[in-house]
Amino acid sequence: MVSVRLENITKRFDNVVAVDRVSLEIQKGEFFFLLGPSGCGKSTLLRLIAGLYQPEGGRIFFDDREVTAVPPNERNTGMVFQNYALWPHMTVWKNVEYGLTLRKVSPAERLRRVSKALEMVQMEAYANRSPNQLSGGQQQRVALARALVVEPDVVLLDEPLSNLDARLRLEMREQIQELHRKLGITMIYVTHDQKEALAMADRMAVMQIGRVGQVGNPRALYARPSSRFVADFIGEINLLAGEVTAVDDKVCVETALGTIHGRMAYDGIQKGDRVLCAVRPEALAFLEGQPARGENVVSGQVRNVVYLGDLEQYIVDLVDGTQVKLVDHNPLERKAGAGEDARLRFSPSAVVILQDEGEPA
């Protein structure tokens, strides 16, 4: 396994800048995610690491070895594609063995490695089948075995679960995580699925329009997003606009709903800044039978209620016209019905103050 370092990597396709001066450091043995919407450059960045594309600018290192101009077959990476990319005329065994044959590995060593790889993904019983005799989940296991059999320094996964149904996605998530724990290999995983990234990643980079918006572990990015885009992309978020009136141990923001207290999320925050108070739906709670005193109390009317068994969602129209979502994760009984007045409270520690940069691109 190796560390991977990107220094100011840029990639263009005609006049479109797909990756724009991206710098990242991925540690040895890390399970690192590139997360973002379609067209943000995450798959292009993965292909640059694999050597399938060449950058117009910047450098790529595996440990201290620069590989920017090194061809793909000399980088010792294993790649798992979204569409599996299995040879339909070859058996499972031959598909997994193919990379070793190209590397001129001895027959005895090929036998050992293919057997081990199929065992790791629990596909040894299907070795003589063709890909079209397998389910989607089984085909993805074969693709994973093929990537692992070459004993790569880095495994690159490009949205590998996007073609699977919900149940199979969960099963494969667990299997990939277990393989990472056993092998300790560096893995870089591309996805647009926020829950997938939150559930699996050691760290992740959130990308937007070819650039990295924020890097960190899942808990930090969810709880302390650094921008409106990151806050809105990772999970659901309520945003209340206002102006900073005081900066002390807490930040005071004057809004149409009154004063809201929160914590800083960007450097250089000062009085007069136009900001957004970001609050996750689960941080909101109903005030039931309590006086509306204290910090961060807002009022409105319930528009809609959706019961989902393990949680209940409330859409509330606040008095200034802002619509917010509240999520109750222990819905033993309904807290309010549609059309009822409601008062909501949220802790200052749950409010992240973000710069108001307008609507995200």
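Visitor: Hi! How many helices and strands does the protein have?
Guide: Hello! The protein has 8 helices and 20 strands. Please keep in mind that the model is predicted.

Visitor: And what does the C-alpha trace span along its principal axes?
Guide: About 80 × 45 × 35 Å. Of the 361 residues, 51% count as buried.

Visitor: Let's talk sheets. What is the strand order in the open sheet of 6 strands?
Guide: The order is S6-S7-S8-S3-S9-S10, and the pairing is mixed. On average, neighbouring strands in this sheet are turned by 15° against each other, direction ignored.

Visitor: Which strands stand at the edges?
Guide: Strand S6 (77–80) and strand S10 (211–216). Each has a single partner strand, so one side of each has no neighbour in the sheet.

Visitor: In what sense do S6 and S7 pair?
Guide: S6 and strand S7 (residues 154–158) pair in the parallel sense, over 4 bridges. If you want a spot to look at, Gly 78 stands opposite Val 155 in S7.

Visitor: Which helix packs on the sheet?
Guide: Helix H1 (residues 42–50) does, touching strand S3 (31–35), S6, S7, strand S8 (186–191) and strand S9 (203–208). The direction of H1 makes about 150° with that of S7.

Visitor: Switching to helices: how do the axes of H2 and H3 cross?
Guide: The two axes come within 10 Å and cross at roughly 130°, which makes H2 oblique to H3. The crossing is right-handed.

Visitor: Which residues make that contact?
Guide: From H2, the residues include Trp 93, Val 96, Glu 97 and Leu 100. From H3, they include Arg 110, Leu 111, Val 114 and Leu 118.

Visitor: What do the side chains of Arg 110 and Glu 97 form?
Guide: A salt bridge, at 3.0 Å from N to O. Arg 110 lies in helix H3 (residues 107–120) and Glu 97 in helix H2 (residues 92–102), so the pair ties together parts that are 13 residues apart in sequence.

Visitor: Are Arg 110 and Glu 97 buried or exposed?
Guide: Both Arg 110 and Glu 97 are buried.

Visitor: How many salt bridges are there in the whole structure?
Guide: A search of the whole structure finds 25. Among the residues involved, Arg 5, Glu 7, Arg 59 and Glu 66 are linked in a network.

Visitor: Which residue forms a salt bridge with Glu 295?
Guide: Lys 250, with the closest N and O atoms 2.7 Å apart. Glu 295 sits in the loop between strand S15 (285–286) and strand S16 (297–307), and Lys 250 in the loop between strand S11 (238–247) and strand S12 (251–255). They are 45 residues apart. Glu 295 counts as partly exposed at 32% relative accessibility, and Lys 250 counts as partly exposed at 28%.

Visitor: Why does Glu 312 count as buried?
Guide: Its relative accessibility is 3%, and buried means under 20%. Arg 334, at 48%, counts as partly exposed.

How values were computed. Residues are numbered from 1 along each chain as its sequence is written. This is a predicted model: local features need pLDDT of at least 70, side-chain atom pairs count only at pLDDT 80 or more; totals for chains, interfaces and linings use all residues. Side-chain values use heavy atoms; hydrogens and water are left out. A salt bridge is a side-chain nitrogen of Lys or Arg within 4 Å of a carboxyl oxygen of Asp or Glu. Helices (H or I, at least four residues) and strands (E, at least two) are DSSP runs, numbered from the N terminus. Buried means under 20% relative accessible area, exposed over 50%, partly exposed in between (1.4 Å probe, protein chains only). Two strands pair if DSSP finds at least two bridges between them. Axes are lines fitted to C-alpha atoms, for helices over the stretch in contact, and angles run from 0 to 180 degrees between N-to-C directions. Contact means heavy atoms within 4.5 Å. Angles under 35 degrees count as roughly parallel, over 145 as roughly antiparallel, 65 to 115 as roughly perpendicular and the rest as oblique. A crossing is left-handed if the near helix is turned anticlockwise from the far one by less than a right angle, and right-handed if clockwise.
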